[in-house]
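User: Got a model here I'd like to walk through. Can you take my questions as they come?
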Amino acid sequence: MPHTPDTPTVRPRRRLRAVALLASAASVCLVAASAPPAPLGIGDRLFPHLGNPGYDVTAYDLSFTYAGDNSKPLRAVTTIDARITADLERINLDFTHGTVDSVEVDGEPAGFTTAGEDLVVTPRDALDEGERTRITVRHTSDPVHSGGHEGGWVRTADGLAMANQADAAHLVFPCNDHPSDKAWFTIRVTAPDGHTAVANGLPAGRERTGGATTWTYRVQHPMATELAQVSIGRSTVLHRAGPHGLPVRDVVPTKHRAALEPWLKETPGQIAWLEEKVGRYPFETYGLLLADADTGFELETQTLSLFERELFTEPAYPRWYVESIMVHELSHQWFGDSVSPRTWSDLWLNEGHATWYEALYAEETAGKPLVERMKAAYGASDRWRAAGGPPAAPKAPDPGRKTSIFRPNVYDGAALVLYALRQEIGRPAFGRLERAWVTRHRDGTATTADFVRLASDLAGRDLNGFFHGWLYDEKTPPMPGHPDWKPTTTTATPAPTH
Ligand SMILES: [Zn+2]
């Protein structure tokens, strides 16, 4: 995610309602026979109520109608195709911050109510393990936040963008809001004339009717809910070719188009650089979405990374720094998007790798030595572990600030783990591991244990003991090859947020 640039001097980059129950006589009986609706989860240690048991979403079809005012709720229809994995009398979806008008399950009206941040659906007939089902929810999606929530829709100067990581997709649409349940997405946006809508994946149609246009986009690879992106604004879409003819498209506020071009033209070269390191770019397209918004972070939404426009137009940021942040989000397309974390405790695999390639790019293209950055990280690592937990056992988010899991322990603190690993097994084995990781788990999800196992296989020896200290211990182990590196007492490390 979120990476708020740990910038130089500029400025601190900070960062239900009751619904009608359409119960038929049959569903009343079902409800009466079982426990009251309750918010469920899949047991994520950091987000206990994210995701839901008993089904696997195969596809989402999201349809949003934007009236031209980003302070008004959008009308929306969310259709979910799922495979039932346990007998269910009710299906819990994650959804809050919108009004539900109706729910259908396989074309039949279904009962629904809310419990915590879950929308609890009671179909007329119970669902059996192995069945496939289609749930259609007609609802609103409210871009205005009040109270403790952060994320979901981001209101920009000219419309909307989306920032769902880690737990905010269900503020936008009903879903199984956990990266362990990836699915296919079709996204349709209807917006009035003068607006342009872009979403993840490739265009799959555009239809103009009476003063509005409906754009359709479809992903070509499974995607986690946290990585969904929808941009609606007075935007221009710029097209260029990446390596092997990869379509690269950027979405920019039309009035800033000329100022942004010198940055945007760097993307194809950055993709080629990363392909040299880890292999073929994993998706059907890439590009930057430059939002006129004060998000305080950048975000690796799949195929279309979200950036604050100001990162590129604020002259105080050095060029090498901005480019390294571009590479950070780009490398997430492999590490975090194509290979998603099975649980949020595996976040270090996303951010550690993205920080690693960010730093490596700065070393190779701007002469910023990686070893110096890693030595500084080593100095701070014990303090980061004390504040945020060890990299693979991060502390729970601060109350009311769920994005606070994005602490330095999973950024430079986790890149430091990768550096230690490279020191331990050598550059050739490390390079093979990185390629094998994104190849083996492409379009899937993976755990920390999977990474440890693959590293051990490729190094030809058991690395469990090595990783245990680096990933789970309170204190940072000695750095292989640098016995002189010691914890330091300097403070003031700005929180990253990419
Ligand atoms: Zn990141």
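Predicted model: local features only at pLDDT ≥ 70, side-chain atom pairs only at ≥ 80, totals over all residues.

User: What is the helix and strand content over residues 165-225?
Analyst: That stretch is 0% helix and 46% strand. Its end C-alpha atoms are 8 Å apart. An unreviewed UniProt entry annotates residues 165-225 as "domain: Aminopeptidase N-like N-terminal".

User: And what does UniProt put on 281-470?
Analyst: The unreviewed entry has "domain: Peptidase M1 membrane alanine aminopeptidase" there. Residues 281-470 are 55% helix and 7% strand, with end C-alpha atoms 29 Å apart.

User: Switching topic. What is the strand order in the open sheet of three strands?
Analyst: The order is 3-7-6, paired antiparallel. Strand 3 (91-94) and strand 6 (111-115) each have a single partner strand, so one side of each lacks a neighbour in the sheet. On average, neighbouring strands are turned by 25° against each other, direction ignored.

User: How many bridges join strand 6 and strand 7?
Analyst: Five, in the antiparallel sense. T113 sits opposite V120 of strand 7.

User: Now the largest nonpolar core. Which residues touch the most other members?
Analyst: V121, V189 and V230, out of 128 residues. Helix 6 (residues 347-366) gives the largest share, 10 residues.

User: Why does the core lie between domain 1 and domain 2?
Analyst: Because domain 1 (25-256) and domain 2 (339-472) both contribute residues to it.

User: Back to V121. What is it in contact with, beyond four places in sequence?
Analyst: Its contacts there are R90, I91, L93, V103, V105, A110, F112 and I135.

Notes:
Residues numbered from 1 in each chain as written. UniProt positions renumbered as here; feature names shortened; annotations may be inferred. Helix = DSSP H or I, 4+ residues; strand = E, 2+ residues; numbered from the N terminus. Pairing = 2+ DSSP bridges. Axes fitted to C-alpha atoms, helices over the stretch in contact; angles between N-to-C directions. Core = buried A, V, L, I, M, F, W, Y, C linked by C-beta atoms within 7 Å. Buried ≥ 20, exposed ≤ 12 C-beta atoms within 10 Å, placed from the backbone. Domains from an automatic or database assignment. Contact = placed C-beta atoms within 7 Å.
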